[in-house]
Amino acid sequence: MAPVLDWISLSLVPGLGVTGLWKLIDHFTEPGNVLQASSKELRQVPGIRSSQIENLVRRDENLQRGRDELYRMKQAGVQALTWDDALYPELLREIPDAPSVLYLSGKKELLRKKCIAIVGSRAATGYGRKVAHSLAKALVSHSMTVVSGLALGIDARAHWGALDGSGDTIGVLGCGLDVVYPRQNEKLSGKILEKGVLVSEYPLGTRPEGFRFPARNRIIAGLSRGIVVVEAARKSGSLITAQLALDYGREVFAVPGQIDSHKSSGSHWLLQQGAKLVQGVEDILEEFPGEDTAHLSETLENGKEIDGLEPDSLLLLNVLEPYPQTRDQVIDSVELPAARVNELLLLLELEGLVEVLPGDNIRSLL
């Protein structure tokens, strides 16, 4: 196993990148050998540019950059896991452009557990958020670790679902571990640090620039045995993750949505291409023989506990549909006073069973 300093120093060489790094490792075997190589030796490596060689031969600068990063990591309580470390995730090591260094905070042992990724739209509907939460909560109850990208929408609900189920979750970042992005997920990030693990291939201080997120997606796919896509548009980062998963030989699942919803058009396209349709957690777990799938009854329809509701609430739920209705239409559908209906709708909304949309339209989330 090569020294961590060598791996970090090589990964931080300006202009090198993941592709260039692995070309050099293929040629020289060890990062330390690369850092000590002469210009003449480096020119013998196919695909390495002159500008990269100029930076590589600055040995003292490169090693000092690595030492500085190790110091910052120590101050921040961040660990590094290198590609040749025995704890490096086996599945991730298999992908062709695996990160040479993973920076992490939290329970690093989770990286070698059985992982399923849940990804989807940032601008998720109430339906999508509910599904992501309930699937994640069900998965962790069957000893699966939920992986996602800590983005708004589906990602955040998947992480929260795992945490609410007292299970394990991994957040993969497209920035440095000391950068909270998006800011709205600051509380979630803190909870994952307490009970799960945050992972990034980027050194501390790295800003969340757009090009980093597709690269982040390959880590999500690489860590996971399967990818569940919940609400994704036809052109979205979630479909990039699903394609990467296919390239890596992983299982791909998709949750169906309303046929006229553009937010589910990508999920529906995946289903047309052969992704497995998910109606409940059992549809995911049955693809992994050996998992305990006995007594599974959690479906999307029953993802929320509705036992204990009073009869009037159950009556109201029976007339609500996934498609929006106006409040007046709902009131006309039940033999209850308007004030009573409004009271029940508020309670059901607080329970996460109905959603009030713009224009005072109401729809069921069951």
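Biologist: Where is Ser267 found?

Modeller: Ser267 is found in helix α13, residues 265-272. The model is a predicted one.

Biologist: Why is Ser267 called buried?

Modeller: Its relative accessible area is 0%. Buried means under 20%. So Ser267 counts as buried.

Biologist: What does the side chain of Ser267 reach?

Modeller: The backbone nitrogen of Glu231, at 3.4 Å. The cut-off for a polar contact is 3.5 Å between N or O atoms. The value of 3.4 Å is within that limit.

Biologist: Which residues is Ser267 in contact with, leaving aside its neighbours within four places in sequence?

Modeller: Val229, Val230, Glu231, Ala232, Ala254 and Val255. Contact here means heavy atoms within 4.5 Å.

Biologist: Now the other end of the scale. What makes Gln36 exposed?

Modeller: Gln36 has a relative accessible area of 52%. Exposed means over 50%. So Gln36 counts as exposed. Gln36 lies in helix α3, residues 31-36.

Biologist: How far apart are Gln36 and Val57 in sequence and in space?

Modeller: They are 21 residues apart in sequence. In space they are 7.6 Å apart, C-alpha to C-alpha.

Biologist: Why does Thr29 count as exposed?

Modeller: Its relative accessibility is 54%. The cut-off is over 50%, so Thr29 counts as exposed. Thr29 is found in the loop between α2 and α3. Its phi is near 75°, a positive value in a residue other than glycine.

Biologist: Why is Asp360 called partly exposed?

Modeller: Asp360 has a relative accessible area of 34%. Buried is under 20% and exposed is over 50%, with partly exposed in between. So 34% makes Asp360 partly exposed. Asp360 lies in the loop between β11 and β12. Asp360 has a positive phi of about 60°, although it is not a glycine.

Biologist: Which residue in the hairpin of β11 and β12 takes a positive phi near 85°?

Modeller: Gly359. The hairpin has three residues between the strands.

Biologist: How do you know that β11 and β12 pair?

Modeller: Four bridges join them, and the strands run antiparallel. Pairing needs at least two bridges, so β11 and β12 pair. Leu357 has Asn361 in β12 as its bridge partner.

Biologist: What makes β10 and β12 a pair?

Modeller: They have two bridges, in the antiparallel sense. At least two are needed, so the pair counts. Gln325 stands opposite Ile362 in β12.

Biologist: Why are β10 and β11 said to stand at the edges?

Modeller: The three strands form an open sheet in the order β10-β12-β11, with antiparallel pairing. β10 and β11 each have a single partner strand, so one side of each is left without a neighbour in the sheet.

Biologist: What is the strand order in the open sheet of nine strands?

Modeller: The order is β1-β2-β6-β5-β4-β3-β7-β8-β9, and the pairing is mixed. β1 and β9 stand at the edges, each with a single partner strand, so one side of each lacks a neighbour in the sheet.

Biologist: How do you know that β4 and β5 pair?

Modeller: They pair in the parallel sense over three bridges. The requirement is at least two, so β4 and β5 qualify. In β5, Ile170 is the bridge partner of Val147.

Biologist: What makes the peptide bond from Tyr181 to Pro182 stand out?

Modeller: That bond is cis, with omega near -10°. Pro182 lies in the loop between β5 and α10.

Biologist: Which residues of helix α1 are buried?

Modeller: Asp6, Trp7, Ile8, Ser9 and Leu10. The buried residues of α1 pack against α2, α3, α5, α6, β1 and β2.

Biologist: What is the volume of the second largest pocket?

Modeller: About 480 Å³. Of the 24 residues that line this pocket, the closest to its centre are Tyr127, Gly257, Gln258, Pro322 and Arg363. α8, β11 and β12 each give two or more residues to the lining. The largest share, three residues, comes from α8.

Biologist: How do the lining residues of the second largest pocket divide?

Modeller: Into 10 nonpolar, eight polar and six charged.

Biologist: How many residues does the chain have, and what share of them count as buried?

Modeller: The chain has 366 residues, and 52% count as buried. The chain has 17 helices and 12 strands.

Key. Residues are numbered from 1 along each chain as its sequence is written. This is a predicted model: local features need pLDDT of at least 70, side-chain atom pairs count only at pLDDT 80 or more; totals for chains, interfaces and linings use all residues. Side-chain values use heavy atoms; hydrogens and water are left out. On a 1 Å grid over the protein atoms alone, a cavity is a set of points where a 1.4 Å probe fits but cannot get out, and a pocket is an open set with protein on both sides within 12 Å along at least five of seven lines; lining residues have an atom within 4 Å of a point. Grid points are joined across faces, edges and corners, and a volume is the space filled by probe spheres set on the points. Ala, Val, Leu, Ile, Met, Phe, Trp, Tyr, Cys and Pro count as nonpolar, Asp, Glu, Lys and Arg as charged, and the others, Gly among them, as polar. Buried means under 20% relative accessible area, exposed over 50%, partly exposed in between (1.4 Å probe, protein chains only). A polar contact is a pair of N or O atoms within 3.5 Å; within protein, one must be able to donate a hydrogen and the other to accept it, and residues adjacent in sequence count only if both atoms are side-chain atoms.
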